[in-house]
Amino acid sequence: MSEQISINKNENLVEITHLKKWFPVQQNFLDQILAGHVDFVRAVDDVSFTIKRGEAFGLAGESGSGKTTIGRLAIGLEKPTAGKVMFDGIDLSSLESEELRKLRRRMQVIFQDPMASLNPRMCLGDSIAHGLKIHYPEKIAEHRDITLSIMEKVGLTPPHFFFTKYPHQISGGQRQRVVIARALITNPDLILADEPIAMADVSVRALLLDLMVQLKNELNLTYLFITHDLATAKYICDRIGILYLGRLAEMGDLREVYGHALHPYTQALMAAVPVPNPHERRTQVMPAGEIPNPINPPSGCRFHPRCPVAQEICSKDEPELRALRPGHWVACHYAEKFL
Ligand code: SF4
């Protein structure tokens, strides 16, 4: 599968600039007239970052932080309200739908729930080969061999045995390997992995992460890895962005952020990660309260209603994301206190 479609070799495979995605709230006509305006869920609200070719970039945060929406925007499954997504130097918003469809060969997805994303009436071999049929119909004679080789690579061995099985006939861990194989079949550059091991049994999670790391190194893949779990991100990511209510709170090299978390929200997330030592107790807990309503986010710093160190200015001025250490960006007025 050496054929490539308009391959560039930009150092940054993905460049996201001032990205916004606001979803209109469904209201009935009378409510809309009485309100005099349309409300929007500000799922993503001015987010910028880049993903270098060959790196694993993690996006972490609580449910409702906007991480899945950013993932969908990054591969053109959603159109942004504002801002830009560049993939290998190509502005996704400049593409016609057919051009975008062709480019999608280079960006594939591993979804959270393999059972929901596999056709129960299609054998595993045909499910995995589906991308070949769409993107390489002229090479149909090679499809079976390519599929068997990818199945072997992801540990579905012997591949001939698994080729004719159906999703309900294999284990959850094996189903996730099928979904990984299906993502790899078109020889992509970027893999969007959206909570890829969240549904897997605890006993196979480490094996799946090992597999993803091995495949990344072997095939020079780039990952956008979405997770709510910092322990999982630590295993696989080179850099990480911590999202809170549609905005980046902190971003940087993984070791830097994990070793010197400067944002109170990141510190709280880190403190909530379980430790494998029964004698070591966590003293901090997640900040009190729920993530606020993204239709009407808090003024100033969005984290201020839950922040244990908030000051008066925090409810008035929104902090900028700024570099405080090499490769380490933080959006907090008082981050210097934690240096
Ligand atoms: Fe807390 Fe203020 Fe920093 Fe926001 S800006 S995280 S409220 S200290």
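1. Ground rules. This is a predicted model, in which local features need pLDDT of at least 70 and side-chain atom pairs count only at pLDDT 80 or more, while totals for chains, interfaces and linings use all residues. Numbering runs from 1 along each chain as its sequence is written, and side-chain values use heavy atoms, with hydrogens and water left out.

2. Confidence. Going by pLDDT (the predictor's confidence in each residue, from 0 to 100), the protein chain has a mean of 91, and 94% of its residues reach 70 or more. Residues 1-5 are the stretch to treat separately: pLDDT stays under 50 there, and the model has 13 contacts for them beyond four places in sequence. Contact here is heavy atoms within 4.5 Å.

3. Helix H9. Helices and strands are DSSP runs numbered from the N terminus (H or I, at least four residues, for helices; E, at least two, for strands). H9 covers residues 202-219, and its 18 residues should span 26 Å at 1.5 Å a residue; the end C-alpha atoms are 26 Å apart, which agrees. The expected span is 1.5 Å times one less than the number of residues.

4. Leu208, Leu209, Leu211, Met212, Leu215 and Lys216 are its buried residues (buried is under 20% relative accessible area, exposed over 50%, partly exposed in between, with a 1.4 Å probe and protein chains only). They cover an arc of only 160° around the axis, which puts them on the same side of H9; the arc is that of the directions from the helix axis to the C-beta atoms. An α-helix has 3.6 residues a turn, so residues three or four places apart point the same way. On the face turned away from the buried side sit the exposed Ser203 and Asn217.

5. Met199 lies in the loop between strand E7 (190-194) and H9. Not counting residues up to four places away in sequence, Met199 touches Gln112, Asp113 and Pro114.

6. Cores. A nonpolar core is a set of buried Ala, Val, Leu, Ile, Met, Phe, Trp, Tyr and Cys residues joined through side-chain atoms within 4.5 Å. The largest has 57 residues, with Ile180, Leu230 and Ile240 touching the most other members. Helix H8 (residues 172-184) gives the most to this core, six residues. Beyond its neighbours within four places in sequence, Leu230 has contacts that include Ala60, Tyr258 and Val273. There is also a second, separate core of 31 residues, with Leu59, Val85, Leu224 and Leu248 among them.

7. The open sheet. Four strands run in the order E2-E1-E4-E5 with antiparallel pairing; a pair needs at least two DSSP bridges. Strands E2 (40-52) and E5 (90-91) are at the edges with a single partner strand each, so one side of each is left without a neighbour in the sheet. E4 (residues 82-87) pairs with E5 over two bridges, and Phe87 stands opposite Ile90.

8. Around E10. Five of the seven residues in strand E10 (residues 247-253) are buried. E10 pairs antiparallel with E9 (residues 239-244) over six bridges, with Gly241 opposite Met251. E9 and E10 form a hairpin with two residues between them, and Leu245 in the turn has a positive phi of about 50°. E10 also pairs antiparallel with E12 (residues 328-330), over three bridges, where Glu250 stands opposite Val330.
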